[in-house]
Amino acid sequence: MTASPTAQTYQAAYWNEAGGQAWVELQGLMDGLNKSVEEAVVETAFPGAGKAVVDIGCGAGATTLAMARRLGAGGEALGVDVSQPLLELARGRAEREGLANARFALGDAQTLDIGEGRFDAAMSRYGVMFFSDFDAAFANIRRGVKAGGKLAFACWRSPADNPLAAVPTKAAAHLLPPLPKPDPTAPGRFAFADPARVQGILERSGWSQIAIDRLDAPTPISLEDLTTLSLRMGPIAAALRDADATTAAKVREAVVKALEPHVENGIIPMVAGCWMVTARA
Ligand SMILES: C[S@@+](CC[C@H](N)C(=O)[O-])C[C@H]1O[C@@H](n2cnc3c(N)ncnc32)[C@H](O)[C@@H]1O
């Protein structure tokens with residue numbers, strides 16, 4: 001169930017370097033794309049005006065800010081993330097909006113002391129699948145939530161439920177060095193695809209009233225934007241880092257060609273196949 005500390009070092013480095021940088025640069029695109037998931041998470045986690053919520057793996061802070069607005073000035077939304085550049089962006093956004101009740105803490109959600117029973121709810125949009133020790137992480141998060149308080153997070157279901165994710169990779173594979181075979185249990189985007197695994201992690205870390213429901217979130221995207229995401233994030237981005245300009249151009253062309261048939265009326269009607277997971281501390 002646990003990955004090695006090396007996996008965590010890798011995750012921290014990834015989110016502070018290439019991965020974090022790509023999310024910083026694409027923040028507007030990502031937040032627009034994932035708006036429906038943001039709304040679902042905030043709606044499900046919201047514990048009431050004036051309460052306190054911790055946002056795990058908050059990234060550039062879209063969900064933290066949305067929750068802070070909803071909680072009102074008397075409440076508090078604390079975003080926790082391991083990525084310095086993403087938190088800098090999040091802090092700047094809160095400042096520009098004058099949202100003093102949105103705060104941010106840099107740290108590993110597996111070990112960061114977020115207090116004991118300080119929060120009425122914990123939430124996350126796509127921020128809880130990257131831990132090296134899932135049981136320890138969820139036990140630490142539970143410790144920070146009051147008895148009876150809520151957990152609500154969205155995570156991706158399987159690659160089969162998110163079929164567009166593999167289209168660019170397949171299209172570009174012949175142009176790139178062999179891509180590593182994905183390990184479905186390793187920390188990463190699809191680590192929580194198996195609901196039995198999620199159920200087990202939450203049970204062992206002391207959560208109760210666990211519910212794992214399908215959430216099919218509309219995430220329509222233009223051909224250009226999905227091409228950008230495919231080239232800047234995930235396996236293609238990693239493989240392209242050492243590629244020459246000619247190869248990069250060929251990869252782009254192959255990705256566009258593979259995605260084009262998915263355009264309908266000028267847009268790709270992508271749907272994020274997610275789980276909405278809820279539980280009580
Ligand atoms: C897929 S991104 C999602 C970001 C944000 N929640 C959103 O929806 O835009 C995953 C986030 O989890 C963060 N993360 C990864 N491992 C973490 C850890 N151990 N503790 C805290 N945050 C972590 C990353 O830095 C990254 O910001």
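I began with Asn 265, which I found in the loop between H12 and strand E7 (271–280). Helices (H or I, at least four residues) and strands (E, at least two) are DSSP runs, numbered from the N terminus. Asn 265 counts as exposed because its relative accessibility is 84%; exposed means over 50% relative accessible area, buried under 20%, and partly exposed in between (1.4 Å probe, protein chains only). Its phi is near 50°, a positive value in a residue other than glycine. Most residues other than glycine have a negative phi.

I noted the basis of the entries. This is a predicted model, in which local features need pLDDT of at least 70 and side-chain atom pairs count only at pLDDT 80 or more, while totals for chains, interfaces and linings use all residues. Residues are numbered from 1 along each chain as its sequence is written, and side-chain values use heavy atoms, with hydrogens and water left out.

I then looked up Gln 209, placed in strand E6 (residues 208–218). The phi of Gln 209 is also positive, near 50°. Gln 209 is exposed, with a relative accessible area of 64%.

Next I turned to the ligand. I counted 18 residues around the ligand, the closest being Gly 57, Asp 81, Asp 108, Ala 109 and Arg 125; a residue is near a molecule if one of its heavy atoms lies within 4 Å of it. This shell divides into 9 nonpolar, 6 polar and 3 charged residues. In that division Ala, Val, Leu, Ile, Met, Phe, Trp, Tyr, Cys and Pro count as nonpolar, Asp, Glu, Lys and Arg as charged, and the others, Gly among them, as polar.

I looked up the distances of individual atoms. A side-chain N or O atom of Asp 108 is 2.9 Å from a nitrogen atom of the ligand. A polar backbone atom of Ala 109 is 2.9 Å from a nitrogen atom of the ligand. For Arg 125, a polar side-chain atom lies 2.5 Å from a ligand oxygen atom. The protein covers 99% of the 590 Å² of accessible area that the ligand has on its own; these areas come from the Shrake-Rupley method with a 1.4 Å probe.

I followed the strands next. Strand E4 (residues 119–125) is mostly covered, with 7 of its 7 residues buried. E4 pairs with strand E1 (residues 52–56) in the parallel sense over 3 bridges; two strands pair if DSSP finds at least two bridges between them. Ala 122 in E4 is the bridge partner of Val 54. E4 also runs parallel to strand E5 (residues 145–156), joined by 6 bridges. Phe 119 stands opposite Val 145 in E5.

I examined helix H2 (residues 18–25), where Gly 19, Gly 20 and Ala 22 are buried. They lie on the same side of H2 because they cover an arc of only 160° around the axis; the arc is that of the directions from the helix axis to the C-beta atoms.

I looked up Asp 135 in helix H7 (residues 134–144). Asp 135 counts as buried because its relative accessibility is 19%. Its side chain makes a polar contact with the side chain of Arg 204 (2.7 Å). Such a contact is a pair of N or O atoms within 3.5 Å; within protein, one must be able to donate a hydrogen and the other to accept it, and residues adjacent in sequence count only if both atoms are side-chain atoms.

Lastly I checked Asn 162, in the loop between E5 and helix H8 (166–172). Asn 162 counts as buried at 6% relative accessibility. The C-alpha atoms of Asn 162 and Val 271 are separated by 7.4 Å, although these residues are 109 apart along the chain.
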